[in-house]
Every structure is written in structure tokens, then in C-alpha cells.
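Dear colleague,

Please find below the sequence and the structure that I am handing over to you. My findings follow directly after them.

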Amino acid sequence: MADPAPSRGSAYGYFGPAGTFSHQALLTLPPLGSEPVPYATVGQALQAVRAGEITAALVPIENSVEGGVSATLDNLTYGDPLIITREVVLPVQFDLYGRPGTTLDGVRNILTHPHAAAQCRDWLALHLPEALVTEGGSTAAAAAEVADPLSRFDAAICAPVAGEMHGLTALAEGIADNPDAVTRFVLVSPPGRLNPPSGADKTTMVLFMRENHPGALLEILEQFASRGVNLCRIESRPTKRSLGDYCFSVDAEGHVDDARLAEALMGLHRICGDVVFLGSYPRADGTQPTVPVGTSNADYAAAATWLQRLKG
């Protein structure tokens, strides 16, 4: 008798369809044994994690050219808690693909993802200045649409894997304006036991001001600076409560088990309206932080011992 098929809850999900950069990044992770499940939007992928339909979802969070991915940042900030357990950094290559028989000078309508359009803006202005670029859900979906003989689109900007998957022909290769561009993806799971410190970690959080007043952001930054914690990323996001009301999405070097970062988090909890903790996880590049003198775990332990001795 054949073994029963694995439940969908034991699968990874990703921002699909197949052929997206998220799909390529997911394939670099150890497989779970079940086929990964594509979702049409980042929100749907993360909601599937919350609902227990899948074990975890891989979604884009940051691009070296365009910055943060707002759909991911906002979906992680609001709703039932989720935790980032690891990250993947993937080089991004964009090509222009069309149906067989299409020529570059015949391209008038192009379909792609907004980030892809932005990263190829200069190339398009130089080589296809008259072409109309339409932004859609994903680069892979754009390739699938262009493969339809009845499609009004002549070409798609996508990854080579997506163009080849749908039987398209490369009209131009390497069209990204920045050949060194990379996209960072995060694997998101339900809350649970955190990864132990690896020595090269990153911690992600979202910080809400208690009130907007002069120096409010400085007060937040001082919680990190005074404890020797370096920030890898900080960006503001609207809280969606009122115009001009913002929170701050932050990546900090270190692990919540590091005394300096734990102290910073406690300080933030005292001064912020809310602190959304989104996990501590190994850095994809393996870079270890520079720990200033006086801020190592041993330094904090020695200080605590000294204070206890003073108390007698």
C-alpha cells in the first residue's frame, strides 16, 4: 500500500507562480518533502502560514535598488504574529522575452512586476523609448501572459527561468540597470522556538512611537547606539491610522540572546508605543558584527556581577 500523501501543512509556500525569483530562492533551501505551494500575493502566502495551511512561506522583503517590499513589511507588522527564521539573498537578472518570431524593434507593449520595471528603467528608455510598460503581479505571471498567442503584450521582463519555462524567446539579456542588484527574501513561520545565536545574526522589529514629538526618532536610535548595536536597515512605514503617522521597520545586527540587543529591546519597550518582534535569524552573508568594547555578553555579565556585589 502506498504511503499517504504529505499534508499541505508540511509544505513551504512562496510568492508565485513558479518561475518567480521567490521560487528560485526557495529552491536553495532544504526541501520539506512536499511540493512548494505558490500564492498569487505576498499577503496570501503569509495568511496561509497563519492559517496552518503551510509550514512557512518565502517572500521578498528588500531589494538593493528599490528598497523594502511594502507588501511584506506591512503584512508582517499587522495581523497574527509571525517570525522570520532565515533569509536568502539572490542575485537578480532581468531579460526581455517575447513569443517566438517577435523581434526587439516590434515590441510595443511590455508586462512585468513594478520592481523589475524600475530596475530596467534606463535600458528601456534607451532601447525601447516608445514601448508602453504595464506593471503586474509578478515577473513569472508576466511571462505566462505573454506566452498566450492572444495576449496584447509583446514581451515580458522576467528571469531567464520564467521565460524558458513558458517557451518564450530572449530578445535582450541582462537589461537591469544595476548588474549587481540582489533581492533579499525571508522565510516566515508561526511563532515558536527561536534559532540559537550563530554569531552572525540579524534581528528584525517594527517600532511604533508613543507620540510624535521632536526627538522621538532620536530616542529610538539612542537605544541601539548607547549599547553598541549597529542597524542594517531602517525605513519608515505609514501606520495607516492618519496622514503623517509612521512606524519604523528595523534590522539590527545581533541576536535577542545577545545582552546588548536584549537591553536595547527592553529600552525600546519602555519608550515605544509598541514593539513588534519579528525574529532573530542567521545572516545570509555570514557577516559577524563588530562588538564595541564594553558591550559583549561577558562585559554585561561582569557589570551585573559587580552591581550585585555592591548591593551586598
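R241 counts as exposed, at 57% relative accessibility. Here, exposed means over 50% relative accessible area, buried means under 20%, and partly exposed covers the values in between, computed with a 1.4 Å probe and with protein chains only. Please note that this is a predicted model, in which local features need a pLDDT of at least 70 and side-chain atom pairs count only at pLDDT 80 or more, whereas totals for chains, interfaces and linings use all residues. Residues are numbered from 1 along each chain as its sequence is written, and side-chain values use heavy atoms, with hydrogens and water left out.

Salt bridges

What does the side chain of R241 meet in a salt bridge? The partner is D245, at 3.1 Å from N to O. A salt bridge is counted when a side-chain nitrogen of Lys or Arg is within 4 Å of a carboxyl oxygen of Asp or Glu. In contrast to the exposed R241, D245 counts as buried, at 19% relative accessibility. As a general point, side chains of opposite charge can pair when their charged atoms come close.

Salt bridges that share partners also join E62, E87, R184, K202, R233, E235 and D251 into one network. In total, the structure holds twelve salt bridges. Two of the pairs may be described in detail.

In the pair of R184 and E62, the closest N and O atoms are 2.9 Å apart. Strands (E, at least two residues) and helices (H or I, at least four) are DSSP runs, numbered from the N terminus. R184 is buried, with a relative accessible area of 5%, while E62 is partly exposed at 23%.

In the pair of E87 and K202, the closest N and O atoms are 3.1 Å apart.

E62 is placed in strand β3 (residues 56-63). Leaving aside residues up to four places away in sequence, E62 touches G67, G68, V69, V182, T183, R184, R233 and D251; contact means heavy atoms within 4.5 Å. E62 and I83 are 21 residues apart in sequence, and their C-alpha atoms are 16 Å apart in space.

T239 is found in the loop between β13 and β14. Is T239 buried or exposed? It is buried, with a relative accessible area of 5%. Its contacts, again not counting residues up to four places away in sequence, are Y78, F208, D245, Y246 and C247.

Strand β11 and its partners

Seven of the eight residues of β11 are buried, so this strand is largely enclosed by the rest of the structure. β11 is joined to β3 by six bridges, and the two run antiparallel; two strands pair if DSSP finds at least two bridges between them. Within this pairing, V59 has V186 in β11 as its bridge partner. β11 also pairs with β5, in the antiparallel sense and over eight bridges. Opposite T183 in β11 stands L90.

The open sheet

Four strands form an open sheet in the order β13-β14-β12-β15, with antiparallel pairing. The edge strands, each of which pairs on one side only, are β13 (231-238) and β15 (272-282). On average, neighbouring strands of this sheet are turned by 15° against each other, direction ignored. Axes are lines fitted to C-alpha atoms, for helices over the stretch in contact, and angles run from 0 to 180 degrees between N-to-C directions.

β12 (residues 201-209) pairs with β15 in the antiparallel sense over eight bridges. In β15, V275 is the bridge partner of L207.

Helix α3 (residues 70-77) lies across β12, β13, β14 (246-253) and β15, and runs at about 80° to β13. Helix α9 (residues 259-271) packs on the sheet and touches β12, β14 and β15; its direction makes about 155° with that of β15.

Yours sincerely
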